[in-house]
Amino acid sequence: MSDLLPVRVHKTRSRATPGGMDPKQILGDRVLPFKHRKPPWFKVPAPGGQRYRDLSGLIGDENLHTVCQEAACPNIGECWERGTATFMILGDTCTRRCGFCHVSTGKPTWNDPLEPARVARSIARMGLRHAVITSVDRDDLPDYGSGVWAALVRQIRRQAPDCKIELLTPDFRGEEMPLAKVIAERPDVFNHNVEVVPRLYPVARRGSTFERSLRVLRNAREMGEGDVVTKSGLMVGLGESFEEMIDALGQLRDQGVSIITVGQYLRPTENHLPIVRYWHPEEFKQLEERGMAMGFSHVAAGPLVRSSYHADQHVPQPDDGQGPLRADAPAPGALPVLQNGPIPVAA
Ligand code: SF4
């Protein structure tokens, strides 16, 4: 009997071959091998100072996730030493499989109603005056996780009332109700990354579309009625041209986006998309100048720029402090500890 069954050949599809396709159809033949020497401008100090250790302890205490760790961000030593990290809510497993992203993918099981309260409490403990929070995509949830996003903003307003809140969200599949729920809480900055130029979507962001992300940004701005600044970001290094980048920036500006970040794609593992080329710091500078000339209020472009990198500098900070921290933030080594169990969560 079994002789009659068709033979099913299981082919493991890595993120470097989205949907089984050969990425070279879009990226071209001239991609860099996985093992190669990076240009010298990617040298970063090794992590490990006192503030880095403080944050590692806090993240462990509170059972939290950060995109700094999950995405293997090269800036972790610098950012954590400045006293900040980008928290990642709704678990550590994403329902999409973007070709560039290091975050785990699969069927999420994370359901933690107290996560917003713990993230907010951590922001208060750290003494942040500007906090950035992101999440995995949760296409498995009926509201795509928007209820947790809204609860998070409410908790931060209660526990760290003076902290500016920047949300870096998924596209909620382009649906308006989940987005409206989040924007109704009036975060200071709403960030949604388009990530790559439109031509690269089939290879880099399968399951998403550039137009849908533009619509999310336009809707967020309109729903925010002038209270919410919108922001987006892109990567370079996957074969896009300078003119394609300018065109993408123009389309973002047309949706009223105010802040732009552009950084170099770095291949996390051999199972991710290959790099086509490294952009030179001088090219990033030119992109920054062209972007500013288009009317953005802030353009941060550089090899190591990520959307949350120095995000406190992307908007005015009315309160006293230094970098992402309030003036009265705890000194290195003096983070308030959780004594005798969890600090009561604000009602
Ligand atoms: S750039 Fe963002 S993700 Fe990277 S370490 Fe800094 S805060 Fe974390």
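Colleague: How many helices and strands does the protein chain have?

Modeller: The model is predicted. The secondary structure of the protein chain comes to 11 helices and 12 strands.

Colleague: What radius of gyration would a compact globule of 347 residues have, and what does the protein chain have?

Modeller: A compact globule with 347 residues would have a radius of gyration near 20 Å. The protein chain has 20 Å, which agrees. Along its principal axes the C-alpha trace spans about 65 × 60 × 40 Å. Of the 347 residues, 46% count as buried.

Colleague: What share of the contacts join residues at least 24 apart?

Modeller: Take contacts in the protein chain between residues at least 6 apart in sequence: 77% of them join residues at least 24 apart.

Colleague: Now the core. Which residues have the most contacts inside the largest nonpolar core?

Modeller: The general idea comes first. In soluble globular proteins, nonpolar side chains tend to be buried together. Here the largest nonpolar core has 89 residues. Ile123, Leu152, Ile156, Ala204 and Leu238 have the most contacts inside it. Helix H6, residues 146–159, gives the largest share of this core, with 7 residues.

Colleague: What does Leu152 touch?

Modeller: Setting aside residues up to four places away in sequence, Leu152 touches Ile89, Pro116, Val119, Ala120 and Ile133.

Colleague: On to the sheet. In what order do the 8 strands of the open sheet stand?

Modeller: The order is E1-E2-E5-E6-E7-E8-E9-E10, and the pairing is mixed. Strands E1 (65–66) and E10 (298–301) stand at the edges. Each has a single partner strand, so one side of each is left without a neighbour in the sheet.

Colleague: Is strand E5 enclosed or open, and how do I read its two faces?

Modeller: Start with the general rule. In a regular strand the side chains alternate between the two faces of the sheet. Now take E5, residues 130–135. 6 of its 6 residues are buried, so E5 is largely enclosed by the rest of the structure. His130, Val132 and Thr134 lie on one side, with Ala131, Ile133 and Ser135 on the other; both faces are covered.

Colleague: Which strands are joined to E5 by bridges?

Modeller: Strand E2, residues 87–89, runs parallel to E5 and is joined to it by 3 bridges. The bridge partner of Ile89 in E5 is Ser135. Strand E6, residues 164–168, also runs parallel to E5, with 5 bridges joining the two. There, His130 stands opposite Lys164. The chain crosses from E5 through H6 to E6, and this β-α-β crossover is right-handed.

Colleague: What about E9: is it enclosed or open?

Modeller: 6 of the 6 residues of E9 are buried, so E9 is largely enclosed by the rest of the structure. One side carries Ile259, Thr261 and Gly263, the other Ile260, Val262 and Gln264, and both faces are covered.

Colleague: How many bridges pair E9 with E8, and how many with E10?

Modeller: E8 and E9 pair in the parallel sense over 6 bridges. Leu234 has Val262 as its bridge partner in E9. From E8 the chain crosses through H10 to E9, and this β-α-β crossover is right-handed. E9 and E10 pair in the parallel sense over 4 bridges. Val262 stands opposite Ala301 in E10, and Thr261 stands opposite Ala300. The crossover from E9 through H11 to E10 is right-handed.

Colleague: How are helices H10 and H11 placed?

Modeller: Helix H10, residues 242–254, lies across E8 and E9, running at about 165° to E8. Helix H11, residues 281–294, packs on the sheet and touches E9 and E10. Its direction makes about 170° with that of E10.

Colleague: Last one. Where is Trp110?

Modeller: Trp110 is in the loop between strand E4 (104–105) and helix H5 (115–126). With 15 C-beta neighbours inside 10 Å, Trp110 counts as partly exposed. Beyond its neighbours within four places in sequence, Trp110 is in contact with Leu90, Gly91 and Thr93.

Key. Residues are numbered from 1 along each chain as its sequence is written. This is a predicted model: local features need pLDDT of at least 70, side-chain atom pairs count only at pLDDT 80 or more; totals for chains, interfaces and linings use all residues. The radius of gyration is taken over C-alpha atoms; the globule rule is 2.2 Å times the number of residues to the power 0.38. A residue is buried if 20 or more other C-beta atoms lie within 10 Å of its own, exposed if 12 or fewer, and partly exposed in between; C-beta atoms are placed from the backbone. Two residues are in contact if their C-beta atoms, placed from the backbone, lie within 7 Å. A nonpolar core is a set of buried Ala, Val, Leu, Ile, Met, Phe, Trp, Tyr and Cys residues joined through C-beta atoms within 7 Å. Two strands pair if DSSP finds at least two bridges between them. A crossover is right-handed if, with the strands pointing away from the viewer, the path from the first strand over the helix to the second runs clockwise. Axes are lines fitted to C-alpha atoms, for helices over the stretch in contact, and angles run from 0 to 180 degrees between N-to-C directions.
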